[in-house]
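Me: I'm new to this one. Can you walk me through it in short steps?

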Amino acid sequence: MQEQKSGRKRHFILEVAAKKQEEEAERARKEKAERAERLRKTWEEEEEERLRQMSVIVEPKKCPPLGLESHRVEDDQLLASSQSHHGFSAQRGRLNMQSSSNEDDVYGGGWCSDPDEKTHWLEVDARREVEFTGVVTQGRMSETHEDFVSSYYVAFSNDSRDWTTLHDGYAEWMFYGNVDRDTPVMTEFDRPVVARYLRILPQSWNGSLCLRAEVLACQLPNSYRSENEINPSDDLDFKHHNYKDMRQMMKLINEECPNITRIYNIGKSSQGLKMYAMEITDNPGEHEIGEPEFRYTAGVHGNEALGRELLLLLMQFLCKEYNDDNPRVRRLVEGVRIHLVPSLNPDAYELAYEMGSEMGNWALGHWTEEGYDIFENFPDLNSVLWGAEDRGWVPRVVPNHHIPLPENFLNGSVATETKAIISWMERTPFVLGANLQGGEKLVAYPFDMLRPPKSVVDVRHGGRHGVEHLNEETWARIQRQSEGALRETADDTMFRWLAMSYAHSHLTMTETYRTSCQTDDVTGGQGIINRAGWKPVVGSMNDFSYLHTNCFELSIFVGCDKFPHESELPLEWENNRESLLAFIEQVHRGIKGTVKDMEGNPIANATVSVEGIKHDVKTAAGGDYWRLLNPGEYRVTAKADGHTPQTRLCMVGYDSGATKCGFHLAKSNWDRIKEIMALHGKRPIRLVPKATATTTTTTTTPTTTSARGAGGGRGAARRTEGGEEDGTAVNSQSHNAERLRRLRQMRLRRLRLQKARQSSTTTTEATTTTTMAPTTAPATESTTSWYDSWFPVDSFESEPTQQYLEIGMDDIDY
């Protein structure tokens with residue numbers, strides 16, 4: 001019994017122990033499950049955080065360029081480990097940097113490292129801490145070498161001594177670079193890196209180690225003002241506008257200022273896009289007599305976007321300031337008819353706009369869809385003028401202005417856009433204009449074409465023999481011509497003033513401590529240069545405008561970066577605003593006026609010439625003209641078909657506003673002669689009427705001489721009753737005698753010519769007396785042209801002189 005109790009007790013104890021063990025096991029299992037659940041939740045949270053971080057990598061922070069391409073990053077902010085030679089220093093490592101004509105010269109197309117060095121780097125100093133977000137790389141600009149970096153690391157520092165290479169979490173982050181020398185490649189970091197210095201560490205390359213680059217960075221908010229944080233004084237729309245946005249912007253401006261603006265198009269591009277223009281004046285839609293016409297054009301190269309945006313900003317500015325009663329803007333709008341064309345090559349701009357600011361290279365969008373460079377697609381009128389000058393044909397055969405288009409030019413290789421621009425130039429009497437371009441920061445004035453040298457044969461007039469007989473002066477002149485020294489226009493001093501008016505009003509164009517965008521400062525610190533002496537082109541828009549129309553046109557290169565980032569537009573507007581306005585004001589410099597006849601009717605296409613300047617202008621349809629001149633005293637002559645030329649002395653002062661210099665032209669004797677001949681059926685009219693029959697009386701005295709025989713019945717001497725001649729009669733008789741002498745000389749020369757031509761015909765010798773003119777006319781007179789009886793062909797080669805015209809008019813018997 002006792003044993004049974006004891007067994008039951010042991011069994012109970014064992015059951016309790018087993019139960020406790022089971023409970024502990026269950027508790028342990030639950031704790032393990034709880035720990036697993038906690039680990040799972042932790043893992044999910046970490047995964048969510050990782051995914052969130054991955055989303056940041058997909059959408060990195062967008063920052064503007066620091067300014068290597070635009071040259072806001074100065075030369076002393078760029079350093080390098082080494083350079084292959086002087087022409088490939090760190091300062092050449094800017095995006096889209098262009099080499100000089102000799103690419104191995106001191107201005108190479110990029111930074112190139114010394115191949116003997118073991119470590120290579122290009123360093124950029126931001127001069128303050130910024131948020132670096134990316135790098136854009138490009139190969140060396142070269143026509144013969146294919147040099148570019150294919151992979152690289154990026155390192156950062158705050159003191160330029162301790163450097164940290166960008167890490168991707170596992171190893172140093174290697175970025176893949178270029179696959180050709182021209183196409184830019186952008187690399188963006190997963191998150192911004194705050195630092196002052198950045199280094200690009202090339203690891204592999206094609207050809208030589210050469211690089212061009214741009215750095216993307218955002219400025220940190222602090223008390224210091226940055227160039228990327230310009231606060232413009234004008235409330236304008238600072239962004240890039242594609243074709244649709246541009247059209248919408250112009251429409252909004254027109255709606256805001258309908259009384260002073262008008263939108264029209266000058267033609268269509270090869271792809272059918274309209275080339276829109278905005279006219280800004282107090283009476284839009286028509287030319288006002290006495291109001292000069294001015295034009296700004298941009299976008300002749302589609303990838304040069306800064307000029308396009310500057311003109312859109314200028315439209316907004318003029319509209320807003322006119323409505324705000326800005327006196328200067330009101331004077332411009334009310335005194336000038338301003339035409340603004342922001343895009344002459346809209347097709348190419350759309351291509352460049354699609355690639356964006358930093359990803360387009362130097363050439364993308366430069367040409368039209370048909371492959372034309374519009375600026376160089378105009379007819380070569382320079383060769384026509386210079387060839388005529390060499391032959392002595394100017395202005396007798398070939399004019400020095402308004403040279404016509406070459407035959408069949410428009411049927412040749414001419415861009416659709418060029419044809420539209422030419423038509424626009426011809427139908428609008430522009431006085432002054434400028435086309436805005438990019439890639440440099442200067443103003444270029446014509447001639448744009450380099451005048452070819454005269455050959456020694458042309459100057460010598462003696463064939464290929466006798467070179468040794470050339471004197472020293474002639475030889476020196478030929479050498480100067482051979483060096484291309486003849487490239488100035490007749491208005492060279494005026495063009496230089498116009499160029500300086502823009503360059504010296506620009507905030508940075510004449511800063512002498514800055515180099516040129518691509519090479520040395522070719523302007524000598526003045527910001528202006530003659531295009532033919534810099535980069536000559538044939539058939540330029542500027543030369544055509546000067547030689548085919550009245551308009552003086554220049555090229556304004558507004559910035560080193562052809563397609564700057566939107567963040568740089570406020571700064572560029574501040575740099576160019578005053579220049580844009582000051583240049584328009586130059587349209588009032590010189591003289592202006594109207595050319596009318598004696599009845600007050602305007603004379604269109606009359607020629608206005610200035611003594612000493614071998615370039616004339618023509619009047620518009622309303623008879624008004626404008627002649628740009630620097631201050632001084634000028635003899636100005638107005639000429640028109642059928643009218644007698646008139647010359648005036650016109651003074652140009654230093655005060656603003658053009659000097660008024662009008663003309664009233666009388667109908668010329670030649671025009672009157674044509675009218676008389678038309679009344680007589682264009683039959684020959686004798687200069688001297690038939691003489692009175694002579695008598696045999698011995699009492700004939702000068703007092704009985706027929707007045708008509710002495711002078712056609714108009715200028716015979718008058719006598720008083722006492723037999724004395726009054727002063728008027730004496731002068732008239734003297735004048736008539738001189739006139740008769742000239743007429744006799746003309747008749748004799750004509751008779752000698754006829755005798756030479758008709759050797760088989762015997763003519764009667766003409767006899768003359770002291771009181772009577774010849775009375776017989778050659779038998780061939782009726783067969784000659786109607787004007788031969790007036791002007792003997794052997795007496796002169798050019799047009800009839802004014803002296804002969806006056807004689808003929810005085811001796812016509814009406």
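Me: Where is the place of H71?
Reply: H71 sits in the loop between α1 and β1 (78–80). Helices (H or I, at least four residues) and strands (E, at least two) are DSSP runs, numbered from the N terminus. Before we go on: this is a predicted model, where local features need pLDDT of at least 70, side-chain atom pairs count only at pLDDT 80 or more, and totals for chains, interfaces and linings use all residues. Residues are numbered from 1 along each chain as its sequence is written, and side-chain values use heavy atoms, with hydrogens and water left out.

Me: What is the phi of H71?
Reply: Phi is positive, about 70 degrees, although H71 is not a glycine.

Me: Is H71 buried or exposed?
Reply: H71 counts as buried because its relative accessibility is 13%. Buried means under 20% relative accessible area, exposed over 50%, partly exposed in between (1.4 Å probe, protein chains only).

Me: And N408, what about its phi?
Reply: The phi of N408 is near 65 degrees, again a positive value in a residue other than glycine. N408 is in the loop between α6 and α7. N408 counts as exposed, because its relative accessibility is 52%.

Me: What joins V394 and P395?
Reply: A cis peptide bond, with omega about 5 degrees. P395 belongs to the loop between α6 (381–390) and α7 (416–427).

Me: What about P446 and F447, what joins them?
Reply: A cis peptide bond joins P446 and F447, and omega is about 5 degrees. F447 is in the loop between β14 (440–445) and α8 (456–460).

Me: Change of topic. How many salt bridges are there?
Reply: The count comes to 31 salt bridges. A salt bridge here is a side-chain nitrogen of Lys or Arg within 4 Å of a carboxyl oxygen of Asp or Glu.

Me: Which residue forms a salt bridge with D234?
Reply: R577 does, and the closest N and O atoms are 2.6 Å apart. That pair links distant parts of the chain: R577 is in helix α12 (residues 569–585), D234 is in the loop between β8 (210–219) and α2 (243–256), and they are 343 residues apart.

Me: Are those two buried or exposed?
Reply: R577 counts as partly exposed, because its relative accessibility is 21%. D234 is buried, with a relative accessible area of 11%.

Me: How do E37 and R40 meet?
Reply: Their side chains form a salt bridge of 2.3 Å, N to O. E37 and R40 both lie in helix α1 (residues 2–58), three residues apart, about one turn of the helix.

Me: Why do those two count as partly exposed?
Reply: E37 is partly exposed because its relative accessible area is 32%. For R40 the relative accessibility is 37%, so R40 counts as partly exposed.

Me: What about E123 and R199?
Reply: Their side chains meet in a salt bridge of 2.9 Å, N to O.

Me: Which residues are linked in a network of salt bridges?
Reply: R262, E279, E293 and R337.

Me: On to H548. What does its side chain join?
Reply: A polar contact of 2.7 Å joins the side chains of H548 and E426. A polar contact is a pair of N or O atoms within 3.5 Å; within protein, one must be able to donate a hydrogen and the other to accept it, and residues adjacent in sequence count only if both atoms are side-chain atoms.

Me: What lies 2.7 Å from a polar atom of the H548 side chain?
Reply: The backbone oxygen of I403.

Me: And where is H548?
Reply: In helix α11 (residues 541–548). H548 is buried, with a relative accessible area of 10%.
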